[in-house]
Amino acid sequence: MKRPGAVTETFAVGLLRAMLETPSPSYHERDLADLLARSMTQLGFRAHIDEAGNAVGVVERGAGPTVMLLGHMDTVPGQVPVRSADGRLYGRGAVDAKGPLAAMICAAAGATEFSGRIVVVGVVEEETPRSRGAMAIRAREEQPDALVIGEPSGWSSVVLGYKGKLDLRYTVRCPATHPSNPVPKASELAVACWNALLDLLGPDAGHAAFDRPGATLSRLDADLTAATMELSVRTPPGHDDAALVRALRDRLPAGELSVVNAVAACRVGRADPVVRALVTGIRDLHARPRLVVKTATSDMNTLAEEWDIPMATYGPGDSSLDHADDEHIVLADYLRGIDVLTAALTELARLPARSPEPAATAPPSLRSVT
């Protein structure tokens with residue numbers, strides 16, 4: 001489906017390939033930010049790089065609402081050689097999340113029927129515990145009337161919500177002693193901390209369900225005298241993080257348990273205006289939209305903590321390929337994603353300047369995916 005003013009397929013694919021050829025692991029996004037600022041300027045945006053290192057582009061098209069499209073520039077470490085094969089484009093970040101971000105840039109440039117203001121943001125450090133880029137946008141940018149987060153949902157799916165996350169660090173030191181001494185060793189205390197966490201979460205905990213917490217032992221460095229352990233708990237809506245931390249501390253005979261970062265779960269309903277707009281775009285391409293919730297966490301969580309506005313997550317790409325050694329995006333799906341976002345922007349131009357509150361809950365029949 002083509003619309004007047006749409007960027008060409010050649011430009012869209014070239015932009016994504018250039019992004020993949022520009023390494024941007026967390027904390028090293030500046031080269032990609034420079035590329036995006038230049039590309040958005042070429043497309044007619046007012047573009048700049050803010051104090052946090054985020055690439056920000058603005059398109060003004062008359063009176064109307066402000067819609068923000070926000071994706072992240074950083075990737076996990078590791079290289080995936082950039083190549084094209086069988087209609088697929090391979091490279092680190094192809095789906096997580098340079099593909100969705102490139103689609104947002106192209107859609108904003110091509111949405112000539114949109115009346116209002118479009119802000120496209122490529123943020124830094126989403127793949128880190130603190131999401132510094134999104135935090136800076138939340139603190140410094142004017143709250144928009146609607147928000148789309150760019151993460152791989154699959155071109156015909158819309159993400160309504162994410163689990164929250166509680167990142168913990170446990171450290172303990174013990175006097176040097178012989179291994180046969182019956183006193184607890186640092187390594188044993190670390191294992192006991194992990195087991196206590198699992199016991200507190202209960203037998204039904206796991207990463208498969210949206211409404212249950214799930215724990216991951218992210219890192220463990222331990223010997224007889226010193227141990228450092230990093231724990232990550234994905235939390236459902238309404239989870240009491242403080243109570244869990246108190247209960248776990250009560251079970252630790254030694255050492256220090258600290259909270260590295262915490263962000264609450266978020267979820268909107270099917271009636272959310274952003275959800276409806278994305279669904280319209282998917283149906284325009286004669287597909288049946290899927291509405292899903294995810295057991296991971298994204299910058300949607302960070303922004304939803306303070307921005308009570310219509311929002312949802314969308315982007316082309318198969319999220320099962322996140323961080324994979326063969327990470328790739330199907331180019332036809334990438335181009336469909338651009339068309340879906342373009343149509344969604346046209347729908348969102350109808351929003352009033354002050355949008356109504358989104359629905360707070362979603363029906364229990366939603367599919368939960370990672």
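Axes are lines fitted to C-alpha atoms, for helices over the stretch in contact, and angles between N-to-C directions run from 0 to 180 degrees. Helices (H or I, at least four residues) and strands (E, at least two) are DSSP runs, numbered from the N terminus. The model is predicted, with local features requiring pLDDT of at least 70 and side-chain atom pairs counted only at pLDDT 80 or more, while totals for chains, interfaces and linings use all residues. Residues are numbered from 1 along each chain as its sequence is written, and side-chain values use heavy atoms, with hydrogens and water left out.

**Exercise 1. Describe the packing of helix H3 against helix H9.**

Step 1. Two packed helices are described by the angle between their axes and the distance between the axes. For H3 (residues 98-110) and H9 (residues 331-348), the angle is about 45 degrees and the axes lie 8 Å apart.

Step 2. Angles under 35 degrees count as roughly parallel, over 145 as roughly antiparallel, 65 to 115 as roughly perpendicular and the rest as oblique. H3 and H9 are therefore oblique to each other.

Step 3. Contact means heavy atoms within 4.5 Å. On the H3 side the contact residues include Gly-99, Ala-102 and Met-104, and on the H9 side they include Tyr-334, Ile-338 and Leu-341. By class, this contact of H3 with H9 has ten nonpolar, three polar and no charged residues, where Ala, Val, Leu, Ile, Met, Phe, Trp, Tyr, Cys and Pro count as nonpolar, Asp, Glu, Lys and Arg as charged, and the others, Gly among them, as polar.

**Exercise 2. Determine how helix H1 is placed relative to H9.**

Step 1. H1 (residues 9-20) packs on H9 at an angle of about 110 degrees, with the axes 11 Å apart. That makes H1 roughly perpendicular to H9.

Step 2. Glu-9, Ala-12, Val-13 and Leu-16 of H1 meet Leu-331, Tyr-334, Leu-335 and Ile-338 of H9. The classes in this contact are seven nonpolar, no polar and one charged.

**Exercise 3. Locate the cis peptide bond and the residue other than glycine with positive phi.**

Step 1. Most residues other than glycine have a negative phi, and most peptide bonds are trans.

Step 2. The bond from Asp-96 to Ala-97 is cis, with omega near 0 degrees. Ala-97 is found in the loop between strand S5 (88-90) and H3.

Step 3. Asp-86 has phi near 55 degrees, a positive value in a residue other than glycine. Asp-86 belongs to the loop between strand S4 (83-85) and S5.
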